[in-house]
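Subject: Structure for you, with notes on salt bridges and a strand

Hi,

Here is the structure I promised to pass on. Please have it open while you read, as my notes follow below.

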Amino acid sequence: MDVSHILDPLNDAQRQAVSAPSGPVLVLAGAGSGKTRVLVHRMAWLIQVEQVSPFGILAVTFTNKAASEMRHRTEQLLNMPAGGMWVGTFHGLAHRLLRAHWREANLPQTFQILDSDDQLRVVKRIHKAMELDEARWPPKQMQWFINGKKEEGQRPQHIEHYNDPYLKQQIRVYEAYEEVCQRTGLVDFAEILLRAHELWLKNPELLHHYQRRFQHVLVDEFQDTNSIQYAWLRLLAGAHGRLFAVGDDDQSIYGWRGARIENLQRFSEDFPGTLVQRLEQNYRSTATILAAANALIENNQGRMGKNLWTEGEGGTPIQLYTAYNEYDEARFVVDRIAQHTERGNARSDCAVLYRSNAQSRVFEEQFMQRGIPYRVYGGLRFFERAEIKDALGYLRLAANRNDDASFERIINQPPRGIGERTVATVREYAKQFAIPMSEAAQRVVDEKALPARAVGALADFISLIETLATGLTGLELHEQVEQAVQSGGLIEHYKKEKGERGQARIENLEELINAARQYEPAEQDAEVEMDPLSAFLTHAALEAGEGQADIWEDCVQLMTLHSAKGLEFPLVFLVGLEEGLFPHKMSIDEPGRLEEERRLCYVGITRARRDLVMSCAERRRLHGTESYALPSRFLREIPKQLIEEVRPQVQVSRPMHSTDPRGRVPASIAGAEPVGALQLGQRVHHGKFGEGVVLNYEGQGSHARVQVNFKHAGAKWLVLAYANLETV
């Protein structure tokens with residue numbers, strides 16, 4: 001039999017994996033090493049060489065797109081339809097089982113699937129029925145608790161509460177939720193997997209039927225499996241052990257959402273006689289980029305071990321730009337992208353990768369100003385994010401009580417016991433009397449048109465907005481935004497949302513305060529008489545509606561590092577490499593989480609095909625506080641000979657007397673004209689900002705800048721050659 005079309009396109013390591021004998025096989029596939037090709041060719045090998053029926057193959061991955069690509073490429077390779085193979089996601093295949101065996105799964109034939117929003121609404125109804133205070137028992141947190149326990153394979157009766165009253169109450173809500181779902185025939189996403197696992201546990205004959213049918217089980221992205229997914233796979237493959245798992249422990253970056261790297265690490269123990277095959281030849285990146293990735297990831301303990309290599313070119317050095325601050329960083333990146341496109345290259349070649357999605361705002365601003373199309377991949381632009389709209393909703397309503405859209409958005413966000421019935425009554429009053437909803441709400445309170453509890457909650461909300469509006473008077477713009485975020489309780493609300501998502505929302509709100517601090521009206525708006533808050537709200541509304549490229553347009557890609565996994569680009573900018581930002585401050589003190597941060601950096605580096613540019617800032621306003629940043633430890637873990645510094649690092653925090661014993665700014669720094677006796681602590685006067693004190697300086701020649709703390713305008717960095725400072 002001619003199998004050349006299956007094996008000839010592969011390298012030696014790929015051939016060994018594809019043609020491995022039946023039994024448990026673990027393929028450790030490094031970034032860019034052709035893992036999808038190996039999976040596809042393995043299926044073709046089983047069907048054409050091993051004479052396995054397509055009905056005897058089950059292949060599982062994590063996205064419908066990956067499953068579709070796998071099936072399509074297999075059919076192309078075989079030059080025939082691969083009908084009968086079960087190829088799909090964990091949820092898709094488990095759902096297929098439940099539909100086929102709904103009786104054995106104790107489900108109605110017409111059971112419905114709950115999405116995340118619907119599930120939250122069910123939890124909220126249970127809270128209401130149990131008269132639970134949503135401030136103390138946030139429904140979002142309860143939803144997270146239920147899904148987390150299901151992913152661990154635990155029903156309410158399996159959870160040990162140790163007489164903890166808080167945990168006891170959570171279990172009671174879980175029990176009530178289970179009862180509602182069973183009675184109404186509802187199944188959430190976590191339930192699909194748990195119910196499919198229990199289907200086999202409770203019906204051995206059914207399990208044996210599928211074990212006999214699916215003689216070969218293939219799994220993609222094995223490092224991303226959670227507890228219940230691995231348990232499901234072990235049951236199915238238990239009788240014959242023919243599990244072909246492809247994964248990479250160095251790219252396990254989803255621990256925060258339940259993925260267990262331990263599944264990959266213990267595979268050989270659970271399946272004795274496992275053949276381990278490593279794919280280390282990389283077809284994506286230059287040798288320089290791979291050397292950096294290898295050096296970085298070697299700092300993680302307990303790795304299964306791989307060393308990426310390529311037969312391709314060595315490539316250019318990795319460039320490192322040490323920016324003065326986050327604005328300088330964004331300007332540098334956008335300048336480089338502009339140069340790239342001026343040479344005839346596509347904008348879509350370029351990706352800007354960051355650890356926290358709050359970082360996107362400064363880059364979006366720069367792209368907007370330069371007229372460069374961009375797209376926030378897998379997410380929303382900054383001013384479109386729900387938590388940002390919530391905060392702006394408080395400001396809009398405080399500034400204009402006639403804003404019904406903002407009224408409806410924030411009346412129960414965060415939850416404050418104002419239900420849909422109350423809102424419907426207010427809406428009806430507004431319609432009947434042709435008045436704004438805020439005015440209608442006051443009428444409902446005055447007339448006691450609802451039960452006392454609802455009237456009290458509505459009165460509290462009205463009072464909150466009035467107090468907020470009064471408190472904004474006389475505050476700086478950023479203080480007004482901060483007041484709205486705090487008064488609305490948004491920070492405290494999102495602190496209760498576990499995991500990365502809640503933390504990201506908090507960081508976005510802090511970045512909104514920073515955006516207000518840095519905001520200056522555009523020159524064309526200077527003649528329009530508008531108070532700073534109104535101007536800022538207008539700016540936010542316009543930015544939310546424009547700027548992002550259409551999906552088919554040639555545009556720069558902005559994304560978080562988590563979103564970047566599986567993608568590749570000729571030119572990658574990995575930005576914000578500072579301690580506390582990347583690695584994230586929440587992970588630095590926990591070895592396991594720090595190692596996941598390092599894996600995330602490894603993923604970022606290996607997205608680059610040809611050129612990689614890394615950046616950090618000496619000073620950054622982060623989480624509402626401006627601070628001097630330390631370069632990320634990840635930069636120190638990359639060999640110096642692989643890095644070319646675009647600008648020698650300047651220690652912004654150095655005192656002036658480190659150069660001049662008397663603390664003067666050297667004349668050579670200022671440019672052609674001497675600046676006289678400008679000293680650390682010197683009082684100066686600026687034509688626009690008034691009087692201030694010199695705090696610091698940085699840079700050389702025409703780039704020299706001074707930091708002055710102005711009495712009314714706060715601390716600002718000014719280009720010395722153009723500042724026209726006068727000593728006082």
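Two strands count as paired if DSSP finds at least two bridges between them. Helices (H or I, at least four residues) and strands (E, at least two) are DSSP runs, numbered from the N terminus. This is a predicted model, in which local features need pLDDT of at least 70 and side-chain atom pairs count only at pLDDT 80 or more, while totals for chains, interfaces and linings use all residues. Residues are numbered from 1 along each chain as its sequence is written, and side-chain values use heavy atoms, with hydrogens and water left out.

Let me begin with β6. Strand β2 (residues 57-61) runs parallel to β6 and is joined to it by 4 bridges; there, Val60 has Val219 as its bridge partner. β6 also pairs with strand β7 (residues 243-247), again in the parallel sense, over 3 bridges, and Val217 stands opposite Leu243 in β7. From β6, His216 and Leu218 point one way, Val217 and Val219 the other, and all are buried (under 20% relative accessible area; exposed is over 50% and partly exposed in between, with a 1.4 Å probe and protein chains only).

Now the salt bridges (a side-chain nitrogen of Lys or Arg within 4 Å of a carboxyl oxygen of Asp or Glu). The structure holds 41 of them. One of these is between Glu221 and Lys565, whose closest N and O atoms are 3.0 Å apart. Glu221 sits in the loop between β6 (216-219) and α11 (227-237), and Lys565 in the loop between α26 (561-564) and β13 (569-574), so this pair ties together parts that are 344 residues apart in sequence. Glu221 counts as buried because its relative accessibility is 17%, and Lys565 does so at 15%.

Arg234 and Asp270 form another salt bridge, at 3.9 Å from N to O. Arg234 lies in helix α11 and Asp270 in helix α13 (residues 267-270), so the bridge connects parts 36 residues apart in sequence. Arg234 is partly exposed at 33% relative accessibility, as is Asp270 at 22%.

What about Arg609 and Glu568? Their side chains meet in a salt bridge too, at 3.4 Å from N to O. Arg609 belongs to strand β14 (residues 608-617) and Glu568 to the loop between α26 and β13, 41 residues apart. Salt bridges that share partners also join Lys150, Arg155, Glu178, Asp188, Glu191, Arg195 and Glu198 into one network.
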